[in-house]
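The exercises below are to be worked with the coordinates open, and each task is followed by its solution.

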Amino acid sequence: MSRVFLVIIMLGCNVAVQGVQGFDEVHVRLGNAEGARCWGRVEVYQRLQWGTVCSRDWDLRDAAVVCRELDCGFAFATRSGAQLGRFSGEVWWRNVKCSGDEFTLDLCERSPNDGVCSHNEDAGVECTGKLPVPTLSMQTTFSSYSAGEAVLFTCAAPYWRHPIDFHLYKSGVDTPLVTQRAEPRQTRVELTLSELDTSHQGSYSCLYRVQSNPGNSPSSNTINITVLEIHTPQIWYNASPVVQPGWVSLGQSFNVTCFTQPHYPGGTFQLRLIRPSGTVRHSLPAHGALGTFSFASAQASSEGYYCCLYRVQFGGRTFVSRESQPLAISVRGAEPLLSPVVISLLVSGLTFVIATCGILLVARAYCRRAKKPRELERETRTCVDNTYIALTTK
Ligand SMILES: *[C@@H]1O[C@H](CO)[C@@H](O)[C@H](O)[C@H]1NC(C)=O
Ligand SMILES: *[C@@H]1O[C@H](CO)[C@@H](O)[C@H](O)[C@H]1NC(C)=O
């Protein structure tokens, strides 16, 4: 008994739902004598019957919604539906008030006509027709950039009678990143994304809006860009045992390590050794963020300043970091410290220092006499600097 009752309830529900769906369905079409799809009298289907809309309060925003709903592009104009031939049937709505952003006319505020308007006031619209898709392109052939650079996009649209605003969108972001108005008759604009950082990495598209026509054009093709951050590497060295910071012993093995973060696939490190007898370069594929240059045996020729740089190829471009701070490595010799050669060097060095100091004092006295105090200061410093450089190269 109860089972039969349940079945009856279910059947009832089913019938009721179907009935409501059919009765509440609302469609829109544009009626005209030529059977054109994108202009004409606005005709609304509801309660299983076609009717019209009264043109009181009917404006471009309302028309824009109709055009969008019918996939007919933007609204160019409102028209009088009454001039497009007689219509027999109801006038369904009046005082339609769309914001312009609705997807269907049915979603707009309105009042039932209730016999207020006749068919003499039927509303009509003229839409642009299906909108052409804009084209997004880049002015470069590559799609990888390093942080801080700028990307120049170009967005192109067909010609319109009205000014066009072009917008550059990044996928996943609701608001346009760049907006640019085209001059009259201009059909393409440059959209520049400057000061790139890694948050700009992603997929881009553009669209346009024609002034005084609510709504967007369809989105263009998409272009992906990659943004790399290339930082100056860090440098350090290991030797065991460490004699003294900045030193290795003659014959000792040591490693110079370069480090950079973030790092990218295919990156390499270059190590440059600057020494009095010339520059030596080594290079090595990066192992993640690290590159370790191993030296089996320290020699006098290992002495000098070591610098790292990081290099990576990405998207058809080569990115090179700045060079690291120089790392000074000296090699402690195994020969006796006070050999005759060293003593004679020391003596001549000492003589040189004393002589230089003497010259310096004389020069300083001269400077003090000859120059005004401000210039004197600079002059003395230059003298000292020169002396310092001379001494260190000796
Ligand atoms: C852009 O990247 C997305 C994934 O992030 C990918 O699905 C899409 O195919 C790429 N588009 C182009 C044009 O390379
Ligand atoms: C240098 O690096 C190699 C491997 O890269 C390692 O086996 C060796 O112990 C390191 N030497 C020093 C002195 O750290």
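**Exercise 1.** Which residue lies over the face of phenylalanine 142, and at what distance from the ring centre?

*Solution.* The model is a predicted one, in which local features need pLDDT of at least 70, side-chain atom pairs count only at pLDDT 80 or more, and totals for chains, interfaces and linings use all residues. Residues are numbered from 1 along each chain as its sequence is written, chains are lettered from A and ligands numbered from 1 in the order in which they are written, and side-chain values use heavy atoms, with hydrogens and water left out. A charge sits over a ring if NZ of Lys or CZ of Arg is within 6 Å of the ring centre and within 35 degrees of the ring normal. The residue over phenylalanine 142 is arginine 317, at 4.1 Å from the ring centre. In a further case, arginine 29 lies over the face of tryptophan 50, 3.8 Å from the ring centre.

**Exercise 2.** Classify the ring pair of phenylalanine 166 and tyrosine 208.

*Solution.* Rings of Phe, Tyr and Trp (its six-membered ring) pair if their centres lie within 6.5 Å, and planes under 30 degrees apart count as stacked, over 60 as edge-to-face and the rest as tilted. This rule gives 11 aromatic pairs. For phenylalanine 166 and tyrosine 208 the centres are 6.3 Å apart and the planes stand at 55°, so the pair is tilted. Phenylalanine 166 and tyrosine 208 are both buried (under 20% relative accessible area, with a 1.4 Å probe and protein chains only). Ring pairs also join Phe74 with Phe166 and Tyr208 in a cluster.

Conventions: Buried < 20%, exposed > 50% of the residue type's maximum accessible area, 1.4 Å probe, protein only.
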